[in-house]
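This briefing goes through one protein structure by topic.

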Amino acid sequence: MLKLWNSRRGFNCDGSTRRDFLKVGALGMGAFLLPDLLRARARAAADGKPAKGSSVIWLWLGGGPTHVETFDPKMSAPAEYRSTVGAVKTNVPGIELGGVFPKMAQVADKMAFVRSFAHTNSGHGGGTHWVMTGYDFPPADNN
């Protein structure tokens, strides 16, 4: 259920509201149109025209599935390190995704996959802070 700072007064049978439907639709439409926006900006920059600055939506899903089960299955690694859900080949040679993403694999040429990232903070809290802000903050790991 999608819940973004909402006081619920009326529900339909499954607990969703019309407002939930509109929120999901708006988010989905934004994600659907983002590639066209980025393509138009690149074309304008290539033509020497000024491009207006824009924002990026960063969706952080802390506690989600591991990178090995989703975007980096490592099927040639030893059994204890490879994906348990298998892999699916994408339409980009040499790139595989986790076995639960066959439809995403069909449009992989329209995506950017970041499979490596490093920082020197070994804690989850501090590492998350680093990723979100670009600054190291070791006290984030001390509750």
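The points below describe a predicted model.

The protein has 4 helices and 2 strands, arranged along the sequence as α-α-β-β-α-α. A search of the whole structure finds 2 aromatic pairs and 4 salt bridges.

**Overall fold and burial**

- Of the 143 residues in the protein, 17% are buried.
- Among contacts between residues at least 6 apart in sequence, 17% join residues at least 24 apart.
- The protein exposes about 11600 Å², and carbon and sulfur atoms supply 62% of that area.
- Helix α1 covers residues 18–46.
- Helix α2 spans 67–70, and strand β1 spans 87–89.
- Strand β2 runs over 96–98 and helix α3 over 102–106, while helix α4 takes in 124–133.

**Aromatic rings**

- The whole structure contains 2 aromatic pairs, and ring pairs link Phe-71, Phe-101 and Phe-113 into a cluster.
- The ring centres of Phe-71 and Phe-101 are 5.3 Å apart and the planes meet at 10°, so this pair is stacked.
- Phe-71 sits in the loop between α2 and β1, and Phe-101 in the loop between β2 and α3, so their pair ties together parts 30 residues apart in sequence.
- Phe-71 also pairs with Phe-113: the centres are 5.9 Å apart and the planes are at 35°, so this pair is tilted.
- Phe-113 belongs to the loop between α3 and α4, so its pairing with Phe-71 ties together parts that are 42 residues apart in sequence.
- Phe-71 is partly exposed, with a relative accessible area of 31%.
- Phe-113 is likewise partly exposed, and its relative accessible area is 22%.

**Salt bridges**

- Asp-36 and Arg-39 are 3 residues apart in helix α1, so about one helical turn separates them.
- Asp-36 is partly exposed at 43% relative accessibility, and Arg-39 is partly exposed at 44%.
- Asp-72 counts as buried because its relative accessibility is 13% and the cut-off for buried is under 20%.
- Lys-110 is exposed, having a relative accessible area of 60%, whereas Asp-109 is partly exposed at 46% relative accessibility.

**Nonpolar surface patch**

- Which residues form a nonpolar patch on the surface? The patch consists of Met-29, Phe-32 and Leu-33.
- Together, Met-29, Phe-32 and Leu-33 have about 330 Å² of accessible area.
- Phe-32 is placed in helix α1, the helix that also holds Asp-36 and Arg-39.
- Phe-32 counts as exposed because its relative accessible area is 60% and the cut-off for exposed is over 50%.

How values were computed: Residues numbered from 1 in each chain as written. Predicted model: local features only at pLDDT ≥ 70, side-chain atom pairs only at ≥ 80, totals over all residues. Heavy atoms only, no water. Patch = residues over 30% accessible without salt bridge, like charges linked within 9 Å, V, L, I, M, F, W, Y side chains within 5 Å. Areas by Shrake-Rupley, 256 points an atom, 1.4 Å probe, with all protein chains shown as cover. Salt bridge = Lys/Arg side-chain N within 4 Å of Asp/Glu carboxyl O. Buried < 20%, exposed > 50% of the residue type's maximum accessible area, 1.4 Å probe, protein only. Contact = heavy atoms within 4.5 Å. Phe/Tyr/Trp six-rings, centres within 6.5 Å; stacked < 30°, edge-to-face > 60°.
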